[in-house]
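Student: I want to go through this one piece by piece, starting with single residues and then moving to strands, helices and charges.

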Amino acid sequence: MTDEIRSHQRLKRGIHLPILRNTHFFTSSENAQHLSEVQWPIHKVFRKSQQNVSPIPLNITYSVLNRSASRPLINAAHFLGKYKEIMCQLYPDTLGPLFNATVSTLRRARAPVSKCPSIQVNTYKTILLFTFLLSVGTMSTSAFGQGEPWAGRLDSTNIEQRRTRGPDAIGGLDDYALTNGHLCATVSDLAHDNELSPIGGILIDLAVCVLGNDQLLSYQEILNLSTQSPVTGRKIETSFDEDKAAIVVHGGHQGIAVETTYSLSLDRPNRLRITSRVRREQAAAGDEVFAFAGGMGNIYSLTPFTLSLDEEARSPGFAHRAFLGQNPMKIGRAAAPADIVFAVGSSNVAAGVSYGQQLVSAQLISATGKTTILPHFFFADETASTIAVFSKPFLFGRSKKLSWFELLQTKMMDLDEGDTLVLEQDVWVGDRSDVASVTNMLFEDQPMISGRVNNSDAVIHVDRANGTAFTESKVDVDGRFAVHAPPGEYRLRFVAPGGLELKREVAVETQEVDLGLVDIGARARIALPQNTPMRLVFVGVDGTPDPNFTDDLLGFTIEKDEGPIPWPGAHDVNLMGRESDPKFISLAPGTYKVYATRGPEYSVTETSLKIGEPGAYSLTIEAPVRAIETPGWISADLHIHAGPSFDNSFSVDERIRSFIAQGGEVMVSTEHDVVYDYSDDIARLGASDLMKTVTGVEITSEASTEEAPYTMGHGNAFPFEMKPDHFKNGAPVSEGRRWREAIGELHQQDKNPIVQLNHARQNSPLVDGVDVISKQAFFTHMGSIGVAYDPSVPLSEGANASLIERDPVTCFRDIDFDAMELINGVGMARYYKLREDWFSLLKQGLSLTGTANSDSHTAVEVVALPRMMIAAVDDQLSAFDESAFIDAVRDGQAYGTTGPLIDVTLGEATMGGLYQGREATLAVEISATDWVPVSTLRVFVNGGLVETRTVDSNSHTEVPLSFGRDAFVTIEVEGPPEGVYTEVLPGYVPFAFSNPIYVDADEDGEWTPPGL
């Protein structure tokens, strides 16, 4: 083997020559999470050649450099092709010969590179720069100042340099960092909780350091395929030398000891090795152990793809069966005898990423040293992707099938004293959001299928001839793609937005297969209106289906026992009137009705769009205009999510754009268990004059613990200070405690945040009229007792009494919330049950502000609807006062709506206020645009319906009321969902409810709760 070949193969593996490690590089952005370009002074590369070169830096966009680590020639080709003219002119004596010496090789990589004029140059300098350019596409972070292999605890002196970055990076002070200069990883401190346990010691971040592309939610280890048996840490150790770094977590569960080693090395810089050793600490201690599993959380943010390297097996690819929460005896249906499962990230939230979890070995080592290969299976669905290893071979049946027959045998499996289960696996990290960024590493020595597609949004699915999924690849900005594949017959399917699809059959032998230009056809390109905020809703008519603008073209499916899970798509486009708005969309031929809307205060306009042959079209539609003024009110959504939350990959920029397009004014950020401040992003997009934000957090309790066996459910806290160097940006502890402890701590914060109980029954179905316990729905279990709240029983009696037990330290109670969410998202199904709970608490003296919020996570849900209208002395955004806003929410000076706008007074008292006297006139002002139907007004006193009237969209109604004792008054306004309303807001009901006006009937200066 020649030195040149050895050098090339080392570069393909990502090994970086010492000279490159000592070369100075720096990023153009201090925030690696938003890294968009990389700079380097070319002159510093030539120090060893003693060549005098002027220090003129070249700015190279990372989109050019961001290629698969197995394609260094193509990386260099794109780099040279893009900057040939500049470099040939600036450095004719050094760079010119590089082009000439490598042009034939680059042409084989399909790069549009031509030669510079013939110039002689020192050979050493040519080799030096050539090596540099080839490695730039697989640049390790050691070249960007991150250093060599290192492992250690994060503290104030090293966190800025050592932390992992990315949209889902949550590591902070006291966590443990691991790097080999290319990959960066974080293991949580033992004191930091996670979704399965209040104890840490798990992998929480993993990224290509320089890209800041972490989208790993967590890597969790469990026993017996049960999330109720998580492996928890007890001690963490670190070590590193010049070739390797490692973090070792010593932990276990109920008599079982588990030692997990996370290691990164230089020889395979794109790979994290995870070695788990499972043994029984003593005979007959703890539960039986029939299986051990390690899995990566997906939770609607990473898309799983499962691959079997055995050509005879049928790889599931993107087609999976659900396994978490399913019938244990039917879980075998979801088991795949595969070798690797991928978790494909989103390219919408940051630089792309893909993780490949590959089995290396699974074996049982007995006390005598005997080694036995163990059966293993992969599971993947929308929540997690997991490799499961059984502690003993099956006595009967097949090791590649997991039926009820095999599952019955697990009752006879266990780890004996002295036995050790050893699982070795590799997690490969790709730099694009596709499967091929990892499979190209695994098959780097195999032939390549390459070409160029005439659509830069195309996705290529590569299957074997028998239809078994093999890999999937996205194309670069020029439409180029390259996929390594072993010799054989393949079926390629090219798909692109607008329903475009083309199939090709390819035979791969020993040489590269060049498909040249692949023409998959074209769709109509529609230019969108610019410079005006609006939400555009596209509805197919005359048999034309609604478009799906959120289709990622992966074809991901999940099957449950009752059938496939439907995945809704968004058929709207959001514009905020700024330069960063999308300029074009693609549509399939057909006829469409297009609506332009901007929330309930604005008109809705519409137009028709008929698409025929491919070509350029322009959407012309009148912009919505403000139809209703709301002086003294500011619109807000107190519950939203985007990419920083663990359960979605919706970009921060698109969340801001969608909020403005829907006419929202104040957005409270409530990401799951991570504090995120949108202020800088809003300013970066030039939208500070269009919206404001309040930083908060959603406390998301999922782990069943002794202190909270049914969890705390979910709740928001805002405003809340973001602490960027802390774990989860300083989010409150969410696991292993009751609400009374959490509320007490929250109210000790400097900003004294509002604590809002979220969807307390929203996600719990009724079975024979009885609530089924749901971890997310606090009133179905009340946290500590597993019994639903009974609104007909006083808080002092029965199971309800648990809510008013005071914490011995904080003195707060589980029910001491400031607000309670009555409407969550599109559905009204739970509102009436939650209203009953709310009235019950109000009657007992708990003045909780009722709220209505979108809880939007993706482009499919409409943000800022339902919305809150919050009282404001000055409702201009330029005068926004966060303290006054929070006070108004806390005091109940607010109402919730999905369309109708209301103003309610009782005498001179407004919502949240106190009226004194036994008689008063309730005045209700209703305003609604012509597309929001309104028909009914309901008036409640002490939670009882006292008046129902027919009203219309713009009406003033007065209702005389008398009171025999202290009371509270609320109203509801409703209309039928019909016409344009249902087209623009499918699934919603026009509805509004007020917060209480309190009545001091006896005029003693105090409000006395009426009681149940």
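**Residues, strands, helices and charges**

Student: Where is V573 found?

Tutor: V573 is found in strand β33, residues 572-576. Helices (H or I, at least four residues) and strands (E, at least two) are DSSP runs, numbered from the N terminus. This is a predicted model, where local features need pLDDT of at least 70 and side-chain atom pairs count only at pLDDT 80 or more, while totals for chains, interfaces and linings use all residues. Residues are numbered from 1 along each chain as its sequence is written, and side-chain values use heavy atoms, with hydrogens and water left out.

Student: Is V573 buried or exposed?

Tutor: V573 counts as buried because its relative accessibility is 8%. Buried means under 20% relative accessible area, exposed over 50%, and partly exposed in between (1.4 Å probe, protein chains only).

Student: Which residues is V573 in contact with?

Tutor: Leaving aside neighbours within four places in sequence, V573 is in contact with L528, M534, R535, L536, F538, F549, P582 and I585. Contact means heavy atoms within 4.5 Å. The C-alpha atoms of V573 and A859 are separated by 8.9 Å, with the two residues 286 apart along the chain.

Student: Next, V258. Which strand is that in?

Tutor: V258 sits in strand β11, residues 256-265. At 3% relative accessibility, V258 is buried. Not counting residues up to four places away in sequence, V258 touches E221, V231, V249, H250, G251, G252, R277, V278 and F292.

Student: Going to β46: why is it described as largely enclosed?

Tutor: Six of the six residues of β46 (819-824) are buried, so the strand is largely enclosed by the rest of the structure.

Student: Which way do β46 and β47 pair, parallel or antiparallel?

Tutor: β46 and β47 (849-853) pair in the parallel sense, over five bridges. Strands count as paired if DSSP finds at least two bridges between them. In β47, N853 is the bridge partner of N824. From β46 the chain crosses through helix α13 (831-843) to β47, and this β-α-β crossover is right-handed. Right-handed means that, with the strands pointing away from the viewer, the path from the first strand over the helix to the second runs clockwise.

Student: And how many bridges join β43 to β46?

Tutor: Two bridges join β43 (754-757) to β46, and these strands run parallel. Q756 stands opposite A819 in β46.

Student: What is the strand order in the sheet with β31?

Tutor: That is an open sheet of three strands in the order β15-β31-β32, with mixed pairing. The edge strands, each pairing on one side only, are β15 (319-321) and β32 (563-564). β31 (557-560) pairs with β32 in the antiparallel sense over two bridges, and E559 has P564 as its bridge partner in β32.

Student: Helix α10 next. How many of its residues are buried?

Tutor: Nine of the ten residues of α10 (652-661) are buried, so the helix is largely enclosed by the rest of the structure. Among the buried ones are R655, R657 and F659. The buried residues pack against β30 (533-541), β33, β35 (590-597), β38 (633-640), β39 (666-669) and α11 (679-684). G663 follows α10, and its phi is positive, near 80 degrees.

Student: Now charges. How many salt bridges does a search of the whole structure find?

Tutor: The search finds 37 salt bridges. A salt bridge is a side-chain nitrogen of Lys or Arg within 4 Å of a carboxyl oxygen of Asp or Glu. One of them is D837 with R761, where the closest N and O atoms are 2.5 Å apart. The pair links distant parts of the chain, with D837 in helix α13 and R761 in the loop between β43 and β44 (766-767), 76 residues apart. D837 is buried, with a relative accessible area of 0%. R761 counts as buried at 0% relative accessibility.

Student: What about R271, which residue does that pair with?

Tutor: R271 forms a salt bridge with D426, with the closest N and O atoms 3.9 Å apart. R271 is in β12 (271-280) and D426 in β21 (420-430), 155 residues apart. Both R271 and D426 are buried.
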